[in-house]
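Could you walk me through this model in my viewer, stop by stop? I would like to know what to select next and what I will find there.

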Amino acid sequence: MNSKQVHKYVQRFLEATQCSILEKSPAHFTVKLSPAADRELTNRPFYWSFVDRTGSDPETMTYLFVTDKEKYEEALAAPPPTPGPVTNAVDAALNRSFGFVNNNMASGIRTPREDLYFGSRKLEQLFGAAKNSGSYVNLFQEPERRSSTPFQSTPYTAWLGVNMRVEFACDRKREEIHSYGVSLATGLVIENFYDRLKNMKLTPRLPSNIHLTRNGLSHAKALGVIETSLERKLRNYDYTWASDAAARLEEELDRIRHYYDPMIKHAEEDAKAAIEEQFNQRQTEIKWQYEPRVTASAINCGIFHLEGIE
């Protein structure tokens, strides 16, 4: 990730977690964390335990997140322009808009600074928080048109959407992502479900003038439908790579047998057990490395209430 991608990701994270962005520029954010973000990012378990026990209003932390250190340092080092009588208010407004004026620093309150770049500890925390919070969602499609009368109601169908990671592994590895959606009303299965969702406007709030159709499938049964569909798809793949990996596995096992068998045969009795243990451990390691395997796991999922009956 470059600095622009990091900046865009951080902004999306702050907006999604409902943090208050106090100042921002193309190189930084000064932000007051929301309670949810503060719990994830500040490592203050005793404070939040106190808040939960007493029911007191939480005081969340304010951070300076720098997403482009070079650009931010250049802006800080640049001398401020000398304002004229007319441009004074305009320049001040532009400075505030660009965000390099830190109100907390001006008032004597030191704001903790975190430089965010790919591989940094704090950005990894953001990734982890997003993964934990975004592993399951419950969203509604925003209607494209408002109902003409308050008595008109649009039917919505609930879909279970799951993104699956399939890993083909041996001494080499390859991954695929498969996105499935199952209608909980009819059992209809759709592949590439994410492609259908990405062009929709989705909201966590229930829109007005809609009604939800009755579900005919439980979540567990719908997940079973997805697993069956994915298994059927994978059965039609070419598994020549697995046969080749099995052949390489046998070659490696033969090689270490030729190495260890003479050693075990001619070893003293008190040393033989240790050599055999080493041999068995080496075989286990080689099998783990070369043995072909296919694994499937869910990355994230959600219930998506979409317009229409399918």
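**First stop: an aromatic bridge**

Select Phe 127: at 21% relative accessibility it counts as partly exposed, where buried means under 20% relative accessible area, exposed over 50%, and partly exposed in between (1.4 Å probe, protein chains only). Before going on, note that this is a predicted model, in which local features need pLDDT of at least 70 and side-chain atom pairs count only at pLDDT 80 or more, while totals for chains, interfaces and linings use all residues. Residues are numbered from 1 along each chain as its sequence is written, and side-chain values use heavy atoms, with hydrogens and water left out.

Tyr 9 belongs to helix H1 and Phe 127 to helix H7, so the pair ties together parts that are 118 residues apart in sequence. Helices (H or I, at least four residues) and strands (E, at least two) are DSSP runs, numbered from the N terminus.

The structure holds 10 aromatic pairs. Another of them is Tyr 47 with Trp 48, edge-to-face at 5.5 Å centre to centre and 80° between the planes. Colour these two by accessibility: Tyr 47 is partly exposed at 23%, whereas Trp 48 is buried at 5%. The rule here asks for NZ of Lys or CZ of Arg within 6 Å of the ring centre and within 35 degrees of the ring normal.

Next, select Phe 168, Tyr 237, Tyr 239 and Trp 241, which form one aromatic cluster. Over the ring of Phe 168 sits the charged end of Arg 174, 4.4 Å from the ring centre.

**Into the cores**

Which residues touch the most other members of the largest nonpolar core? In this core of 16 residues they are Val 10, Leu 14, Val 31, Leu 33 and Phe 65. A nonpolar core is a set of buried Ala, Val, Leu, Ile, Met, Phe, Trp, Tyr and Cys residues joined through side-chain atoms within 4.5 Å. At least two residues of this core come from each of helix H1 (3–16), strand E2 (28–32), helix H2 (35–41), strand E3 (62–66) and helix H7 (121–134). H1 gives the largest share, 4 residues.

Centre the view on Val 10. Leaving aside neighbours within four places in sequence, Val 10 is in contact (heavy atoms within 4.5 Å) with Phe 29, Thr 67, Leu 116, Leu 123 and Leu 126. Then move to a second, separate core of 15 residues, with Ala 158, Val 162, Val 166 and Val 182 among them.

**Last stop: two loop asparagines**

Where is Asn 192? Look in the loop between strand E8 (189–191) and helix H8 (193–197). Asn 192 has a positive phi near 55° without being a glycine. Most residues other than glycine have a negative phi.

Finish at Asn 209, in the loop between strand E9 (202–203) and strand E10 (210–212). Its phi is also positive, about 60°, and Asn 209 is partly exposed at 27% relative accessible area.

Notes
Phe/Tyr/Trp six-rings, centres within 6.5 Å; stacked < 30°, edge-to-face > 60°.
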